[in-house]
Amino acid sequence: MSQFDQDTSPEALRVAVLSWLDTHWDGENRRPLTEPAYDRRHWRQQVLAAGLAVPSWPPEWFGLGMTSAQCKVIEKAFAERNAPGTGLDRYHLGAITVFKAGSDALKREMLPELLTGPICCLLYSEPNAGSDLAGIRTRAEQDGDQYVINGQKVWTSNAREADYGMLLARTDWDAPKHRGITFFLFPMRQAGVEIRPINQITGESEFNEIFIENARVPERFIIGNLNEGWGSFQTAIAYERLIMGQGITGRRRNSPTRSRPPLLELAEKTHKLSDPVVRQRLAQALAYREVNSLNNERAMTEMMTKGSMSLMSLSKLAMSRIQHGEAAIATDLLGPEALLDGPDNSDAANTNFDAAKAYMNSIGGGTDQIQRNIIAEKVLGLPKEHEPDKGIAFREVKSGTGPRTAG
Amino acid sequence: MADMGLLGIVISETCGGIGGSDIDAAVVAEELGRSLLPVPFIETCVMVPSLLESGDITEETQDILSAIVRGTATIAIGGNTALAPYRDPNSTLKLNSDGSVSGEVSLVMHGAHADFLLLTFGSDAQTRCVLVSSDSGYDVDKQTANDPALRPATIKLNNTPCTALTGLRKDDLERARLRGVAALSALQAGAARAIFEITIDYLKTRYQFGRPIGSFQALKHIAADLFLEVESATSAAHAAANALASADPLAAKSVALAGFICNDAFRDVSAQAIQLHGGIAYTREHVAHLYWRRARATLSMLGDSDTHRETYLGAWETAA
């Protein structure tokens with residue numbers, strides 16, 4: 001039984017959450033009141049038990065059945081007291097996917113675990129299955145009540161830290177390509193899982209390649225049904241794109257709510273703020289950002305009131321235009337200085353970083369071109385392109401195997 | 001529209017209107033945009049009421065407001081100031097010592113058939129506004145517009161009697177202009193969405209190479225990009241109306257944003273609509289060119305995109 005009432009007013013809810021925090025959390029020292037040190041798992045267990053980790057989920061599934069507006073009130077109260085642990089229903093991709101697509105048994109077994117400690121990574125893309133993601137060739141073969149996994153994954157962030165991976169693997173090679181895929185909650189810390197970092201054009205190494213050789217996953221860790229993983233996966237990827245479109249990826253140097261946008265500062269610093277051409281470009285860049293925030297607000301409202309996801313799909317595409325566009329303007333503002341880099345040239349280094357990092361948004365999570373296909377087909381209802389592999393058993397399909405040869 | 005009370009949508013209840021906000025005006029303007037109805041709604045029902053109700057209320061202004069609500073008074077605006085929907089830099093309007101008005105002004109949209117003219121002249125710093133009844137006697141030369149539904153006119157006045165609007169502060173004039181831009185943005189957002197929907201329907205039903213042309217990525221990708229423009233226009237127009245309705249101190253910034261986002265969206269969506277349709281939209285039988293013409297006609301209405309962008313950036317500079 002929860003002490004937080006769904007029917008309460010926002011102010012009463014805020015007071016209730018603050019008073020709960022005040023009896024459990026020491027905001028000044030950022031640790032639980034009852035404990036000498038901050039134990040992340042134990043704190044998360046307390047938040048979960050109070051229903052505050054995933055407040056939008058129903059009471060029978062660890063939540064409070066709160067509306068999105070009420071969740072915001074809760075998040076604000078947590079922020080007021082410097083407390084972590086709420087809002088997992090918005091950004092814990094692993095838990096969200098299990099909650100939306102998993103069986104009741106899996107939810108009962110794994111959600112309390114996922115919501116209190118483990119980190120999840122995403123095992124989707126493969127070297128030969130990028131835009132053509134349904135062309136994956138990592139195989140999962142049944143062995144008693146387990147599946148044996150063999151294959152290679154790529155573009156996995158947090159792989160080293162992760163306890164579980166959301167794994168797409170092929171379980172039926174005779175079905176058409178979208179229908180023989182199963183979605184697993186795959187334990188990462190086991191023999192047969194080798195992780196190698198990728199050196200990215202930004203100089204970072206947040207992504208990894210994963211080599212999987214005879215690793216194992218229990219049958220009960222299938223998310224959804226056998227061979228129906230593509231559908232469950234759609235839930236996960238939709239959230240990932242949504243998070244990207246809110247501009248959470250990359251450095252948030254240009255937030256529209258900040259009073260002085262960095263591009264304006266750079267224009268001032270480079271003595272170009274009075275150039276009318278520069279001013280037009282700056283205005284357009286700031287506008288794209290503000291309009292994307294406005295679109296996102298409408299998207300949230302539409303999703304809550306009508307359950308419509310159509311506006312949601314736009315923000316990641318819009319973010320590509322914003323990030324590439326701003327990097328281009330900054331490069332022009334710097335002029336020849338942009339050829340420099342390194343800690344002695346921080347403006348140039350930041351600009352060069354942003355210019356490279358923009359591809360993270362326009363390629364990652366589905367390229368802009370794939371995203372345009374999705375918007376056109378799923379939202380606008382335009383017909384699908386000719387699909388040469390439609391209805392053909394996957395083992396007969398040529399995917400990512402180089403040019404087709406005659407005969 | 002008068003029967004539904006829509007003409008008095010922003011006019012106060014004491015003057016016979018509905019007493020609605022800029023959000024309500026935006027809803028009406030969006031629908032007018034969808035249907036391309038060539039009426040002086042923004043001038044008659046948004047800008048002029050805003051001016052009349054913020055200045056000194058007289059018996060005459062009361063009568064005009066009631067006539068607007070009843071649908072018996074349409075009002076066109078002309079002049080060389082920022083208040084004129086189509087600014088005529090060559091306007092020679094001047095006030096005579098006896099209080100009458102003389103001079104010539106062009107680009108007065110709907111001027112030939114309006115029951116009243118609101119003439120605005122002087123400088124942006126010191127703007128004068130006078131009302132002229134069509135009964136007072138002036139000459140009208142109709143001008144030819146690229147959009148066949150629009151009827152601009154040159155108005156020639158010679159010692160024509162007029163009523164000067166008094167009690168208007170600079171803020172009142174600016175507010176009337178902002179409300180006009182916000183309504184125009186909503187109109188453009190509605191029009192852009194309408195021609196976008198027409199285009200998407202066509203992409204689904206037109207077959208070439210044995211399949212619907214909407215299945216080709218070359219067209220799909222343009223459609224997805226245009227959808228972003230359409231939604232952005234709606235968002236920007238709504239934000240501007242909301243900002244005005246809630247007396248947001250940054251309303252001028254929101255209005256400037258909507259000003260160029262909606263201008264450019266309507267221009268780009270209607271232009272691409274012709275391209276996406278192909279040959280059929282190169283004919284006069286198809287509606288696409290009407291949206292395209294209206295988009296081009298509204299590009300310079302109440303300020304062009306470059307001006308709005310400059311205003312918007314200026315607001316960022318002073319806000320910080």
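This briefing covers the domains, chain contacts, helix packing and strand pairing of the structure above.

The model is predicted: local features need pLDDT of at least 70, side-chain atom pairs count only at pLDDT 80 or more, and totals for chains, interfaces and linings use all residues. Residues are numbered from 1 along each chain as its sequence is written, while chains are lettered from A and ligands numbered from 1 in the order in which they are written.

**Domains**

- Chain A is divided into domain 1 (10–91), domain 2 (120–226) and domain 3 (246–365). Domain bounds come from an automatic or database domain assignment.
- In chain A, the C-alpha centres of domain 2 and domain 3 lie 33 Å apart.
- Chain B is assigned domain 1 (6–168) and domain 2 (171–319).
- Over C-alpha atoms, the centres of domain 1 and domain 2 of chain B are separated by 25 Å.

**Where the two domains of chain B touch**

- Domain 1 of chain B puts 29 residues into this contact, and domain 2 of chain B puts in 33 residues. Two residues are in contact if their C-beta atoms, placed from the backbone, lie within 7 Å.
- On the domain 1 side, α1 (22–35) and α2 (41–54) of chain B each supply at least two residues. Helices (H or I, at least four residues) and strands (E, at least two) are DSSP runs, numbered from the N terminus.
- α1(B) gives the most to that side, with 10 residues.
- The domain 1 side divides into 17 nonpolar, seven polar and five charged residues. Ala, Val, Leu, Ile, Met, Phe, Trp, Tyr, Cys and Pro count as nonpolar, Asp, Glu, Lys and Arg as charged, and the others, Gly among them, as polar.

**Where chain B touches chain A**

- This contact takes 30 residues from chain B and 32 residues from chain A.
- On the chain B side, α4 (170–205), β10 (211–212), α5 (217–245), α6 (251–277) and α8 (305–319) each supply at least two residues.
- α5(B) gives the largest share of that side, 12 residues.
- The chain B side holds 16 nonpolar, six polar and eight charged residues.

**Two packed helices in chain A**

- Helix α1 (residues 10–24) and helix α3 (residues 68–80) of chain A have axes that come within 9 Å and cross at roughly 40 degrees. Axes are lines fitted to C-alpha atoms, for helices over the stretch in contact, and angles run from 0 to 180 degrees between N-to-C directions.
- That makes α1(A) oblique to α3(A). Angles under 35 degrees count as roughly parallel, over 145 as roughly antiparallel, 65 to 115 as roughly perpendicular and the rest as oblique.
- Residues of α1(A), including L13(A) and V17(A), meet residues of α3(A), including V73(A) and I74(A).
- The residues of this helix contact are eight nonpolar, one polar and two charged.

**Strand pairing**

- In chain B, four strands form an open antiparallel sheet in the order β2-β3-β7-β6. Two strands pair if DSSP finds at least two bridges between them.
- β2 (94–95) and β6 (139–142) of chain B stand at the edges with a single partner strand each, so one side of each is left without a neighbour in the sheet.
- β2(B) pairs with β3 (residues 101–109) of chain B over two bridges, in the antiparallel sense. There, L95(B) stands opposite V101(B).
- In chain A, β5 (residues 146–157) and β9 (residues 207–218) run antiparallel, joined by 10 bridges. Y147(A) stands opposite V217(A) in β9(A).
- β8 (residues 193–197) of chain A also pairs with β9(A) in the antiparallel sense, over five bridges. I195(A) stands opposite I210(A) in β9(A).
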